[in-house]
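Open the model in a viewer and keep the selection panel at hand. The stops below are meant to be taken in order.

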Amino acid sequence: MRFELDADQADLAALARRFFTDVLADDRAAILAGRPGQEPKIWARLATEAGFPAIAVPAEHDGADGTWLDLALVLEAAGQAVSSQPLLATAGAAVAVLRAGGPGAHPALTEIAAGERTATWVDAARPADGLTASARDGGWRVTGQRAHVLHGDSVDLLLVAARTADGLGLFTVERGSASVTSETPLDPARSLGTVVLDGTPATSVATDLDEAALVRAQAITRILLAAEQVGVGQGVLDLAVEHALTRQQFGRPIGGFQAVKHLLADAYADVDSARVVARYAAWAVSTPAAAVDRLEDPVELAALTCAHVSPAIERAAAAALQVLGGVGYAWEHPAHLYYKRALSSARLLGPADEHLDRLAAGLGLGPARR
Amino acid sequence: MDLRYSAAEQAYRDEVRSTLRSLLPADWAGYGALGTEERARFDPWWRERLLESGMFAAGWPAEYGGGGLSIIEQSIVAEELAEAGAPQYPTPNDTFGLQLLGPTLMHYGSPEQRDYFLPRTLSGEIRWAQGYSEPEAGSDLFNVRTVAHRSGDTWIVNGQKVWQTAGTTANWIFTVVRTDPEVKGAKGLSFLLIPIDQRGVTVRGIRNMAGETELAEVFFDDAVARADHVVGGVGQGATVAMALLGFERGAGGLALAVSSRIELERLAKLIVESGRADDTSVTRRLARCRADAHAIRCLALRTLAAVSSKAVPGAESSVTKWFVSRYRQRVTELALDVLGPDAVALVGPDTVAARGPQPKGVDPTSRTAWIQAALHARPITVYGGSLQIQRNTIGERLLGLPREQRPTTAAR
Ligand SMILES: Cc1cc2nc3c(=O)[nH]c(=O)nc-3n(C[C@H](O)[C@H](O)[C@H](O)COP(=O)(O)OP(=O)(O)OC[C@H]3O[C@@H](n4cnc5c(N)ncnc54)[C@H](O)[C@@H]3O)c2cc1C
């Protein structure tokens, strides 16, 4: 039994940290210019040099055939840098839902693995209700709309799960053929789009999608987001600790004041326990055979994970701002990027109460139990 | 990262389950369902059953009468006992002898000390209390005033210890005493074993806020201890005392996660009984506790995995303590809020005095049980390194922030 990363996982995590440190300056410049995630050079390096989008794509689609845990480790590193790259959307949400679409070879997975196209799933948070698809002229048309779609205004491909006459289908839509408006995101490092589909041409991936598989893909996306949140917490804690060691007041480093030390200790414990919970979840959804005692169902696991990680990381980011003093409030300082990422991530994939109601239902209580 | 149990470990779990089923009475509903008198009859009987089956002193090597189990097997035993609602340490002094002193003697004790104390601890003939704290040595653990001076083949001990859990039922106490009066702080201390049943030792019970005489203070007036009952060498007291605290870690974490889950199921029943199954202001707090119990399990897996690969659990154990101690308070505060106006009077069967979750079988609607649990949860952020001391440890050892002033333990 081993909780520590094994050598390959540790190497991947180190590689990812190096990568996101390397591209930090360029990525920040794009964020501050209001073009988050839209620096093609960075994505090209991320895709071809580092191969991150291919991690969780099966070998049959020319992917790296890695695990969700591998991807989670890379997303931790992305979070630590508040990267604006659409990695969670492309390599996480989109791949998760495409894999839910069944084993059939699909070009989208291959294109993602090759780093040729970025993608997002318009419904990473919600059930497919309100999105419909119909067959027309030998092709498919989808209708419906979604707000706050993760990188919805900038990726190449939109994945849409929609109701058809026969059941539930999964479709790809070229972003260029949908009507998408850019939102003004709370988190300036993560673009969001409102997507309006109105008889928009779509390509079918699967026509008999299993609702449960869809829900499972959402759970995986949430667990991957939790990994990214852990990185965000670590990144902002690092900023605050460095500040506490160097900033002097009353003739000594502020980190020597116990009130400050205890704030940071709480933040450390929050980030550390969140990491333990998030890594456990990523490991568990990566481990198919049940040689594991009491392995939770992924949906329950995602609820347990989000309910723990989101508030912990929000607290850590808020504590860090307090330790940074006035400078943490300044636009120039990166702290606000972390804080805003923490705030928005906690809400991006469904309200906290939804997770809590699911957990309460597991104990026979609350509105979700019937 | 790989948290799977091996096939052998899985098989061992099944074996433990069926052993427990065969050992426990047919109508067993959990220790919490027993009345006070039934418990008094059950405890010594159950201690014998555990001993026979090798699950008592599970981690001790077989040569000392233990089960010789790996840390993972010990954890499995602890989990399955929690699941069955059967106590792992049936009599009040067992944890001190089995979990703390036993491993310390195996590591630091002389062959004579092991041969004398280990079998008698196992049989229950010797019942240990932990004598670290003193009136002037609380968080400042090594500000010890109790002195021992050498006289021929003996140590003559004078001073006072305080807050000894199960001190009134103990007949031996392991202590940290000052054997070199010239030195302050962590140096000049020795780890000394002292018999309690002698003229120079007085034990006075201390009643806790739940009304139980659970603690004691122990006075030494020219008490006598044998010269060869110093463990680990004269002057090594601080090292041995710290090592002992480390032996506590590892095997019990997953069991705590199990009993926390059982407690939440009981709390859910109380919520239903109180007609608040649809009150989200309560159900969502319960859900948060459910997520907390899951986090306790994940933290326990980390520790177990580390200990099983022989890594010494370091300051990360402070994170676990930080989390678990506050959780005990959160969950029991929720129980009081569910009881609402009924939390003001003790009604319902009395319970086991336990600082962890109550064992399986406790009546979910017993107000007494929930109220006592809430009272028992308060000192968890005080003893064994208070919450503030854990925060200092995290801040200094894990984050590298400037150290606190340590006037009395600055000996380095
Ligand atoms: C239920 C229970 C069982 C116990 N069982 C045993 C036992 O079996 N054997 C035994 O030897 N002892 C036992 N103890 C004693 C326990 O270890 C001490 O209570 C503990 O170490 C705290 O010491 P203290 O009570 O003197 O409090 P103090 O150390 O005086 O602390 C009082 C307050 O000051 C804070 N404080 C102290 N120092 C600092 C600092 N440097 N920075 C910030 N805050 C600080 C503490 O956090 C606490 O809030 C037990 C205690 C309890 C409550």
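**Helix H2 of chain B**

Start by selecting the buried residues of H2(B): Arg39(B), Phe42(B), Asp43(B), Trp46(B), Arg47(B), Arg49(B) and Leu50(B). Keep in mind throughout that this is a predicted model.

Next, show the whole of H2(B), residues 36-53. The helix has 18 residues and reaches 26 Å from its first C-alpha to its last, close to the 26 Å expected at 1.5 Å a residue. Where is the kink in H2(B)? Centre on Phe42(B), where the helix bends by about 30 degrees, shortly before the proline Pro44(B).

**The loop after H2(B)**

Step past the end of the helix to Gly54(B), which follows H2(B) and has a positive phi, near 80 degrees. Then select Ala57(B), in the loop between H2 and H3 of chain B. Ala57(B) is not a glycine, yet its phi is positive too, about 50 degrees. Most residues other than glycine have a negative phi. Is Ala57(B) buried or exposed? Ala57(B) counts as buried because its relative accessibility is 6%, and the cut-off for buried is under 20%.

Gly65(B) lies in the loop between H2 and H3 of chain B as well. Gly65(B) has a relative accessible area of 37%, so it is partly exposed. To get a sense of scale, draw a distance from Gly65(B) to Glu212(B): the two are 147 residues apart in sequence, and their C-alpha atoms are 33 Å apart in space.

**The nonpolar cores**

Select Phe20(A), Phe52(A), Leu264(A), Phe174(B), Phe191(B), Leu193(B) and Leu267(B), the residues with the most contacts inside the largest nonpolar core, which has 213 residues. A second, separate core has 17 residues, among them Ala148(B), Ile196(B), Val218(B) and Ala227(B).

Return to Leu193(B) and show what touches it. Leaving aside neighbours within four places in sequence, the contacts of Leu193(B) include Leu101(B), Leu105(B), Phe117(B), Trp128(B), Trp172(B) and Phe174(B). Further contacts of Leu193(B) include Ala225(B), His229(B) and Val231(B).

**The ligand**

Select the ligand, which lies between chains A and B. There are 20 residues around the ligand, and those that come nearest are Ser139(B), Trp163(B), Thr165(B), Ser386(B) and Gln388(B).

- An oxygen atom of the ligand and an N or O atom in the side chain of Ser139(B), 2.6 Å apart.
- An oxygen atom of the ligand and a polar backbone atom of Ser133(B), 2.8 Å apart.
- A nitrogen atom of the ligand and a polar side-chain atom of Asn392(B), 3.3 Å apart.

**Two aspartates in chain A**

Move to Asp123(A), in the loop between strand E1 (119-121) and strand E2 (132-136) of chain A. Asp123(A) is buried, with a relative accessible area of 1%. What does its side chain meet there? Display Arg146(A): the side chains of Asp123(A) and Arg146(A) make a polar contact at 2.5 Å.

Finish at Asp65(A), in the loop between helix H3 (40-49) and helix H4 (68-80) of chain A. Asp65(A) has a positive phi of about 60 degrees, although it is not a glycine.

Key
Residues are numbered from 1 along each chain as its sequence is written. Chains are lettered from A and ligands numbered from 1 in the order in which they are written. This is a predicted model: local features need pLDDT of at least 70, side-chain atom pairs count only at pLDDT 80 or more; totals for chains, interfaces and linings use all residues. Side-chain values use heavy atoms; hydrogens and water are left out. A nonpolar core is a set of buried Ala, Val, Leu, Ile, Met, Phe, Trp, Tyr and Cys residues joined through side-chain atoms within 4.5 Å. Buried means under 20% relative accessible area, exposed over 50%, partly exposed in between (1.4 Å probe, protein chains only). Contact means heavy atoms within 4.5 Å. Helices (H or I, at least four residues) and strands (E, at least two) are DSSP runs, numbered from the N terminus. The expected span of a helix is 1.5 Å times one less than its number of residues. The bend at a residue is the angle between axes fitted to the seven residues ending there and the seven starting there. A residue is near a molecule or strand if one of its heavy atoms lies within 4 Å of it. A polar contact is a pair of N or O atoms within 3.5 Å; within protein, one must be able to donate a hydrogen and the other to accept it, and residues adjacent in sequence count only if both atoms are side-chain atoms.
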